[in-house]
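Subject: Structure handover

Hello,

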Amino acid sequence: MAIHLYLSLMPEALIASMLSPEEFGTYYAVGSAKKSRGQAMFFEVDPNYRHPYFRTDEAYARCVPHEDGSLKSSVYISVYRVLEHVNLDALIRLYLTTMDGRTLELTPDDNIPNGTGQLHLYQELAPVTPLVVSRLGPTQFLDQIVRNPVSLVTVPSIVFTELQLGELAEDPEMGLIDHLPYTNHDHLRQCLTDVKTKFVSTKMVDRTHSPNVQYRTIKNGFFVGNIEQLRYFPMPTPEEIRKDNYRWFRSANM
Amino acid sequence: MNNHLTWVYIAIVAGIASMAVALYLYFWVLKQDPGTERAQEVASWIKEGSNAYLLKLYRSLGILALIIGVIIAVVFGVQPETAESGAVTMIWREGLIMAIAFVGGAVCSGIAGFLGMRVAVEANVRTATAANFSLSKAFKLSFNAGAVLGLAMVGMAVIGMSLLYLWTGSAEAVLGFSFGASTLALLAKAGGGIYTKTADIAADLVGKVEVGIPEDDPRNPAVVADNVGDNVGDVAGMGADIFDSYVASTVAVMLLGASMGLSQADHMKYTVVPLVLCLLGIFASLIGIFLVRVKEGQKPGPALNRGTIITTILFTLFLFVFVCFTDVNPGVFWAALTGLITGVIIGFTSDYFTNDEQKPVKETSRVSTSGSAINIITGYSYGLISIVPSVIGIAAATLISFHVAEHFGMSGIYGIGISAVGMLSISGMIVSADAYGPIVDNARGIAEMAGMDHEVIVRADELDSAGNTAKAITKGFSISAAALTVIALFAAYAEVVEAAGVDLAISLREPLVVAGVFLGAMTPPLFSALTMLSVTHNAFDMIEEVRRQFREEPGILAGTHKPDYARCVSLAAEGALSSLILPAFLAVGLPLLVGFVLGPDALGGFLGGAIFTGVIFALLMSNAGGLWDNAKKYIETGKFGGPGSEAHKAAVVGDTVGDPFKDTAGPSLNTLITVMSLVSSLFAPIIALFHLIK
């Protein structure tokens, strides 16, 4: 029986499981007898990936069917500083699971969006989860976080997604804001105006923002990066999702 | 119109033709492809739930009809000579006729509702299957299925009333028929309304809000009860409601026709005229229904509206020819036309307040960004404003039809009654368009639950959207028709009391009348509160049940374990039926209590108070509820943050508040005021002689 290796983002954890990605997503989102439930995002990691930081083989040895023959759902390998110890080339696919357990698969793409000349709203997903605005495109944003030699605050690796800003991306002062589902519109507008008009290139909107993401607000996709590289997992358009994965489309309120 | 009985025979032929076409369409629907095994399995859950509820409802109604029938037989068999002497004459035939008429009314309404429900639960899966191929095919199937209820309803009503009139030659006997139909309607509408909202609220609050699963998801234990609710509330309930108004308006005019100070021949002629209007409406509806078609690429909404407009024009034409070639007073034509035009205008103005392209819905959606309190205040306020055009329409129809009738030398009150009959004469078409709504709603649910392709869902969505508009129009239409009907019934009540030798003095300078007005005005709000409290009470129980199922069986959410749908269906049915006792007492018992204690003048005041607050509350609740519902749907299209946003959460609260407004209390109020008017008219001769305070 194949064992899968998953890198969960909420919480940041490396998990061995006998479940397929779709089954794992359902299990992770809607819970088991323990009644835990909620949105889930996780990468499928190359099952042959090894790093001395993780006791992966030991976990694999424990990942065996239960006495009644049912598959082992999860063996947690690590729940601390996981992302920074994973080689990004080992990340095969990203899975987005809705609150009620429907899973969408995203595959990586080399065409990373540029996004210069616009304002951006980034939701960081791991290892920390603030909501920030920036005038930097995804690549420059990553550089600032993981490679900026003058910054006091850096992280070795990061996963983030860019959220839609609509007209605010061009015109934070006057752009229409009514159709954006974010709270505290005035504060968001002020932060965007600041990064557009002042010296700072990035500003935190919400330091304890919930890592739960309304999937339909995602502008282009998910980014995972470290000092060596940036990988991009684009989100299909709503039309494509509706056509190819209607159940997920409905479940995610697209 | 020298031989008026010929027209009664023609009315029977029209009724039979209507029933024959209804049966033809019923069997045509059954011949269509029922789809895949999975789709049929899902449909069978809904069918079983609907049948189980109907069985329970009709069993309870059967017992109730029997008890009331016996009471009527005794009360109307014992004819007092005078109140003072206490001497009575036993005329058992009279009592039996009235009892048979009462049971007949309930049975005819029940048959129409049963047929409508049967075809709805067969047509839903077939519509979903047809949507695999084309929108036009799915539309044709669902609309034809809706037409089964529309045509069966008018057919059974006209056959029942005509046969009874032929047998007894008395409009009073038809009043008993109407009372039977109204009693069934009250229980079917209020019971169906409580059922459907209990299931809807539980399915939404736990499934959508707490657990996050989408609408019509088969993992939701309340989803089948929710779909069953669409049938029992919107098919059986609405059918019984319009049947009731249709019969009540006809009988009110028959009574007024019989009491007009004319020669014997003219008495009979003007008693039969409302039946003629019904038969003309049947023929117009039959043609209109067969002209409602959608070609591929066309939208279904305009096709439904076109059907209504064509039927209206045809009916007007038929009536014009009838008046031209008979010796019937031309005032009949103008009064009926007034009612007809008013009905159509009120129907479409109701749509303004619930249409998401108009200001009220957009504004309520916009302010939802500030929270649920503002959403509720705004929606409620627009609901209050929505009363204005309808009330002006009703007032205008009342005044115009009165004066037009007087101008042509007829009784003005008779003209008002004719305007109500005119408005309801095209009920065959109106109900067909209305019953189409829940059928396509169910079809969409089945497509979701059976995992059909997204193209099917897209087509079902388009069909469903047209159904919602038709539903809004029908609600405005039925409330206005009920208002005019009860004005005519009020006049009929006065005629019956005065025929018993009592001078009715309904003046606000009389304390008994004022007391009656207050008691009457109190009744519709109280009735609304009771039915809505039933919804919250039953929904609370069902919410606990749905939570229990999710808690105790995690496999339900994982999709590996089937929920216990039957438990939720049973909870909703038992809760709805047991909640009907107090509202039923209010409708039947309270007018009798007021009449026998305070006398006929106070009862007149009571009816007046009930009619006015009843109409106001019915319009407010139906329109505000529809507005909140569409404000939520508007946000779900991505406006103001879209689904999951703070605005959406606020709109969901508004929609949940509005659910029992628009589908339980609001639409039941028409039936309440009709039942109260009928029971008062029926018992008026006895109340006139026996009442406590002289």
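How many cavities of 30 Å³ or more does the count come to? It comes to 4. A cavity here is a set of points, on a 1 Å grid over the protein atoms alone, where a 1.4 Å probe fits but cannot get out. Grid points are joined across faces, edges and corners, and a volume is the space filled by probe spheres set on the points.

Before the details, some ground rules. This is a predicted model, in which local features need pLDDT of at least 70 and side-chain atom pairs count only at pLDDT 80 or more, while totals for chains, interfaces and linings use all residues. Residues are numbered from 1 along each chain as its sequence is written, chains are lettered from A and ligands numbered from 1 in the order in which they are written, and side-chain values use heavy atoms, with hydrogens and water left out.

Cavities

The largest cavity has a volume of about 70 Å³. Its lining (residues with an atom within 4 Å of a point) consists of B:Leu304, B:Asn305, B:Thr308, B:Phe348, B:Ile430, B:Ala433, B:Ala470, B:Ile473 and B:Thr474. Helices α8 (300–325), α14 (427–449) and α15 (454–499) of chain B each give at least two residues to the lining of the largest cavity. Helices (H or I, at least four residues) and strands (E, at least two) are DSSP runs, numbered from the N terminus. By class, the lining of the largest cavity has 6 nonpolar, 3 polar and no charged residues. For these classes, Ala, Val, Leu, Ile, Met, Phe, Trp, Tyr, Cys and Pro count as nonpolar, Asp, Glu, Lys and Arg as charged, and the others, Gly among them, as polar.

The second largest cavity holds about 60 Å³ of space. The residues lining the second largest cavity include B:Asp204, B:Lys208, B:Glu215 and B:Asp226. Both α5 (171–211) and α6 (223–259) of chain B supply at least two residues of this lining, and the largest share, 4 residues, comes from α5(B). The lining of the second largest cavity divides into 4 nonpolar, 2 polar and 6 charged residues.

Buried residues in chain B

B:Ala466 sits in helix α15 of chain B. At 7% relative accessibility B:Ala466 counts as buried, a word used for under 20% relative accessible area, with exposed over 50% and partly exposed in between (1.4 Å probe, protein chains only). Not counting residues up to four places away in sequence, B:Ala466 touches B:Pro300, B:Gly301, B:Leu304 and B:Tyr436, where contact means heavy atoms within 4.5 Å. B:Leu304 also lines the largest cavity. From C-alpha to C-alpha, B:Ala466 and B:Ala396 are 29 Å apart in space and 70 residues apart in sequence.

B:Thr342, in helix α9 (residues 331–354) of chain B, is buried with a relative accessible area of 10%. Leaving aside neighbours within four places in sequence, B:Thr342 is in contact with B:Gly393, B:Ile394, B:Ala397 and B:Met423.

B:Ser534 belongs to helix α16 (residues 511–552) of chain B and is buried at 10% relative accessibility. Residues up to four places away in sequence aside, B:Ser534 touches B:Ile194 and B:Ser579.

Sheets in chain A

Strands of a sheet pair through backbone hydrogen bonds, either parallel or antiparallel. Two strands are taken as paired if DSSP finds at least two bridges between them.

One open sheet has 6 strands in the order β4-β2-β1-β3-β5-β6 (chain A), with antiparallel pairing. β4 (75–78) and β6 (103–106) of chain A stand at the edges with a single partner strand each, so one side of each has no neighbour in the sheet. Strand β2 (residues 12–17) of chain A is joined to β4(A) by 3 bridges, and A:Ile15 stands opposite A:Tyr76 in β4(A).

Another open sheet of 6 strands runs β10-β8-β7-β9-β11-β12 (chain A), and its pairing is antiparallel. Its edge strands are β10 (202–206) and β12 (230–234) of chain A, each pairing on one side only. Neighbouring strands of this sheet are turned by 30° against each other on average, direction ignored. Axes are lines fitted to C-alpha atoms, for helices over the stretch in contact, and angles run from 0 to 180 degrees between N-to-C directions. Strand β11 (residues 218–226) of chain A pairs with β12(A) over 5 bridges, with A:Phe223 opposite A:Tyr232 in β12(A).

Regards

How values were computed
On a 1 Å grid over the protein atoms alone, a cavity is a set of points where a 1.4 Å probe fits but cannot get out, and a pocket is an open set with protein on both sides within 12 Å along at least five of seven lines; lining residues have an atom within 4 Å of a point.
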